[in-house]
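Subject: Structure handover

Hello,

Here is the structure I promised to pass on. Please open it first, then read my notes alongside.

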Amino acid sequence: MLLEDGRRIDASGEFRDFDEGFLAAGGLEALREWVAQGCPDGVEVPEDVRWGPPVARPSKIVCVGKNYLDHAKEFGEGVPDEPVLFMKASTAWSGPFDDVVNPPGATQLDYEVELGVVIGAGGRGLGKDGPLALVAGYLVFCDYSERAFQKQRAGQWVKGKSRDTFAPAGPALVTPDEVPNPQALRLWCKVNGETRQNGWTGEMMTPVERLLSYISEFMTLLPGDVVATGTPGGVGMGWEPPKFLCPGDCVELGIERLGMMRQRVVGCGL
């Protein structure tokens with residue numbers, strides 16, 4: 001599916017899922033040509049059809065912790081000397097308007113609006129200059145967390161980050177030609193209409209280009225992989241008293257040029 005003049009166009013008759021193979025084979029270029037031809041045989045998607053995530057399930061979701069100074073301070077445990085990396089399970093991947101499920105035993109469900117970067121051309125050992133040329137596009141990402149699982153269960157962040165529905169992304173993959181500077185975007189998050197986060201990607205301690213180079217020191221980035229670049233201050237655990245999420249809450253979040261997402265928190269799933 002693609003967005004064209006405010007309409008959702010079904011491209012499945014012409015293209016496979018937007019996944020690793022699609023991106024590695026130059027699928028975005030072919031898609032641009034199809035659009036330039038007027039989207040032949042493409043049909044408009046009805047408004048009531050679910051929005052899925054903009055790319056099919058990635059091979060990995062690499063996240064950066066404490067990449068904004070104000071969030072590093074509210075999180076505690078000091079300001080890192082270099083980027084903090086952790087992973088979210090790819091099974092947490094979900095659509096931009098899907099419900100987020102409060103897990104059984106959860107008491108500290110939290111939100112984090114983040115700029116998501118989708119890799120277009122993979123690599124390892126990338127240099128410090130030029131990694132942005134490998135980017136397929138950008139999207140809004142929410143790193144949902146269960147803080148008690150994250151911080152009180154033997155120190156394993158992945159435990160608090162990987163529950164199903166904890167990685168909604170969207171609403172669309174916005175290509176780099178529409179985002180000339182990923183460090184010049186406002187990002188925000190509201191809970192039940194109350195503004196909780198209001199930041200600027202220029203406040204990242206390690207900017208996107210350097211992050212991609214740094215991450216590639218430790219792993220190969222594949223087409224379709226997602227890098228979540230960190231969150232500004234204002235997460236639930238940072239308030240006094242904390243403002244964690246409960247079933248029935250509505251989380252709205254967005255990034256300038258990229259659009260917005262909305263999730264409703266629902267009760268315990270299995």
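Two strands count as paired if DSSP finds at least two bridges between them. Strand β9, residues 113–119, meets that rule with β15: 3 bridges join them, and they run antiparallel. One of these bridges links G116 to A228 in β15. Please keep in mind that this is a predicted model.

**The sheet of 7 strands**

β9 and β15 belong to an open sheet of 7 strands. Its order is β5-β4-β15-β9-β10-β12-β6, and the pairing is mixed. Strands of a sheet pair through backbone hydrogen bonds, either parallel or antiparallel. Which strands stand at the edges? They are β5 (84–88) and β6 (93–94), and each pairs on one side only.

Look at β13, residues 186–191. With β14 it pairs in the antiparallel sense over 6 bridges. Find R186 and you will see its bridge partner W200 in β14. V191 stands opposite E194, also in β14. β13 and β14 form a hairpin, with 2 residues between them. N192 sits in that turn and has a positive phi of about 50 degrees.

β13 also pairs with β16. That pairing is antiparallel too, over 5 bridges. Here C189 has L253 in β16 as its bridge partner.

**Backbone points to check**

Most residues other than glycine have a negative phi, and most peptide bonds are trans. Several places in this model depart from that pattern.

Start with the peptide bonds. The bond from G170 to P171 is cis, with omega near -5 degrees. P171 is in strand β12. E240 and P241 are also joined by a cis peptide bond, with omega about -5 degrees. P241 lies in a loop, between β15 (226–228) and β16 (250–255).

Now phi. T165 has a positive value, near 80 degrees. T165 is in the loop between α5 (157–161) and β12. R257 has a positive phi as well, near 75 degrees. R257 is in the loop between β16 and β17 (259–266).

Are these two residues buried or exposed? T165 has 16% relative accessibility, so T165 counts as buried, the cut-off being under 20%. R257 has 54%, so R257 counts as exposed, the cut-off being over 50%.

K66 is in the loop between β4 and α3 (69–75). K66 is a buried residue, because its relative accessibility is 9%. What does K66 touch? Leaving out residues up to four places away in sequence, the contacts are H71, A72, F75, G76, E77, G78, P80, V84 and M205.

V158 is in helix α5. Its relative accessibility is 38%, so V158 counts as partly exposed. Now find M87. V158 and M87 are 71 residues apart along the chain, yet their C-alpha atoms are separated by 6.1 Å.

**The largest pocket**

Rolling a probe the size of a water molecule over the atoms shows where empty space is left. The largest pocket has a volume of about 880 Å³.

How many residues line the largest pocket? The lining has 31 residues, and M1, L2, L3, F18 and L31 lie nearest the centre. By class, 20 of the lining residues are nonpolar, 3 are polar and 8 are charged.

Over to you.

Best wishes

Methods. Residues are numbered from 1 along each chain as its sequence is written. This is a predicted model: local features need pLDDT of at least 70, side-chain atom pairs count only at pLDDT 80 or more; totals for chains, interfaces and linings use all residues. Side-chain values use heavy atoms; hydrogens and water are left out. On a 1 Å grid over the protein atoms alone, a cavity is a set of points where a 1.4 Å probe fits but cannot get out, and a pocket is an open set with protein on both sides within 12 Å along at least five of seven lines; lining residues have an atom within 4 Å of a point. Grid points are joined across faces, edges and corners, and a volume is the space filled by probe spheres set on the points. Ala, Val, Leu, Ile, Met, Phe, Trp, Tyr, Cys and Pro count as nonpolar, Asp, Glu, Lys and Arg as charged, and the others, Gly among them, as polar. Helices (H or I, at least four residues) and strands (E, at least two) are DSSP runs, numbered from the N terminus. Buried means under 20% relative accessible area, exposed over 50%, partly exposed in between (1.4 Å probe, protein chains only). Contact means heavy atoms within 4.5 Å.
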